[in-house]
Amino acid sequence: MKKIVLLVVALMLSMTSCKRDNIEDVYTDFIDSINNCTAYEFDGEMEVKHNEESDVFQINVLYKAPSLYRVAYQNNESNSRQVLLKNDEGVYVLCPELNKEFKFESAWPLNSSHIYIVNKVIEDFTSDSSHEMTETDEDYVFKSKINHHIKKSLNNQRVYINKSTKELSKITYNCDDTAQMILKIKNFKLNPTISNSEFALDQIMKQETSLIGEGKITDCKQISFNNPFDLEVATNDNEEITIVSFKGDKNYTIVYQEITDSLLTTSRIYDEFVMLDDSLGFVSSSSLTFYKNNYEFKIISGTLSLEEMIEVANSIVIA
């Protein structure tokens with residue numbers, strides 16, 4: 001009788017162990033851990049692919065429930081650093097190289113799918129009743145639809161949970177089965193103790209400007225436009241501002257000028273921001289503004305889509 005009882009207990013323990021590794025349970029545990037957490041933090045490497053080329057960013061993400069977010073990222077090639085911040089005062093982008101912050105009238109980060117915001121990743125999963133679960137030798141893989149507000153071709157995400165550690169290891173945004181954005185996650189910490197001061201704008205700016213030091217601005221010898229839509233070009237120069245007009249099926253204008261102290265002290269509130277190849281772009285009605293080296297660029301158009309304006313911005317070369 002004693003042997004039978006021991007056998008039953010062993011079988012129950014075995015069944016419990018199997019259940020713990022069941023992919024549906026891993027998925028549920030992952031969803032619950034994020035939905036119920038007080039905070040999370042992680043470092044990562046994010047690759048954004050553009051046809052044959054790609055840009056790589058080092059990224060640090062900090063979240064404190066219910067609504068504080070800080071995302072710092074640095075382009076590996078240009079070393080340009082910027083910080084996305086949501087605190088109790090609003091949504092900001094901090095550009096420490098310019099010693100300037102920009103405020104947004106935005107519902108970021110839950111207004112669209114963002115690969116680096118795990119809360120939004122979870123929300124996309126739970127809102128997609130047709131999400132899929134598969135596994136490889138190393139990972140549990142969860143797939144769902146996404147709603148990317150810029151690149152509509154990005155139609156699904158895959159989340160990888162390591163089988164050995166049960167920790168989040170990678171997220172990809174994909175065009176069908178081709179990964180276009182890849183976020184490799186390192187040092188994921190769930191429920192760390194985080195002070196509200198970590199989301200204070202002045203403190204972050206002070207830390208960031210101290211981190212980059214004086215910063216380096218490369219002398220600009222030439223600005224060139226690749227003209228991706230092959231339009232007729234006309235240039236108008238004056239002492240401070242250059243205006244380049246592109247006319248044809250898709251009309252648009254690029255206005256650019258060197259960054260000055262007076263330009264930086266001018267207050268700006270933008271509607272939204274978007275990620276470019278090596279910086280962030282700031283969106284208002286029919287325009288996209290961004291900063292490259294020591295210049296401010298503004299693309300103005302009533303005919304280009306936002307995705308097309310981003311393509312134009314990425315085509316501008318400073319040598």
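Predicted model: local features only at pLDDT ≥ 70, side-chain atom pairs only at ≥ 80, totals over all residues.

Visitor: What makes the charged end of Lys-170 count as sitting over the ring of Tyr-160?

Guide: The charged end of Lys-170 is 4.5 Å from the centre of the Tyr-160 ring, and the limit is within 6 Å. Lys-250 is placed over the ring of Phe-229 too, with 5.9 Å to the ring centre.

Visitor: Why is the pair of Tyr-270 and Phe-282 called stacked?

Guide: Rings of Phe, Tyr and Trp (its six-membered ring) pair if their centres lie within 6.5 Å; planes under 30 degrees apart are stacked, over 60 edge-to-face, and the rest tilted. The centres of Tyr-270 and Phe-282 are 5.3 Å apart and the planes lie at 25°, so the pair is stacked. Tyr-270 is in strand E16 (residues 269-270) and Phe-282 in strand E18 (residues 280-284), so the pair ties together parts 12 residues apart in sequence.

Visitor: How many aromatic pairs does that rule give?

Guide: The count comes to 27 aromatic pairs. One of them, Phe-57 with Tyr-73, has 5.2 Å centre to centre and 70° between the planes, making it edge-to-face. Phe-57 sits in strand E2 (residues 53-64) and Tyr-73 in strand E3 (residues 68-75), 16 residues apart. Ring pairs also link up a cluster that includes Tyr-40, Trp-108, Tyr-270 and Phe-282.

Visitor: How do you know what is a helix or a strand?

Guide: Helices (H or I, at least four residues) and strands (E, at least two) are DSSP runs, numbered from the N terminus. The protein has 6 helices and 21 strands.

Visitor: Why is Ser-106 called buried?

Guide: Buried means under 20% relative accessible area, exposed over 50%, and partly exposed in between (1.4 Å probe, protein chains only). Ser-106 has 18% relative accessibility, so the label is buried. Ser-106 lies in the loop between strand E6 (100-104) and helix H3 (118-127). Of the protein's 319 residues, 44% count as buried.

Visitor: What makes a polar contact between the side chains of Ser-106 and Glu-272?

Guide: A polar contact is a pair of N or O atoms within 3.5 Å; within protein, one must be able to donate a hydrogen and the other to accept it, and residues adjacent in sequence count only if both atoms are side-chain atoms. For the side chains of Ser-106 and Glu-272, the distance is 3.4 Å.

Visitor: What makes E1 and E2 paired strands?

Guide: Two strands pair if DSSP finds at least two bridges between them. Strand E1 (residues 39-50) has 12 bridges with E2, in the antiparallel sense. Those two form a hairpin with 2 residues between them, and Asn-51 in the turn has a positive phi of about 55°. E1 also runs antiparallel to strand E11 (residues 178-190), joined by 8 bridges. Met-46 has Leu-183 as its bridge partner in E11.

Note on methods. Residues numbered from 1 in each chain as written. Heavy atoms only, no water. Lys NZ or Arg CZ within 6 Å of the ring centre and 35° of its normal.
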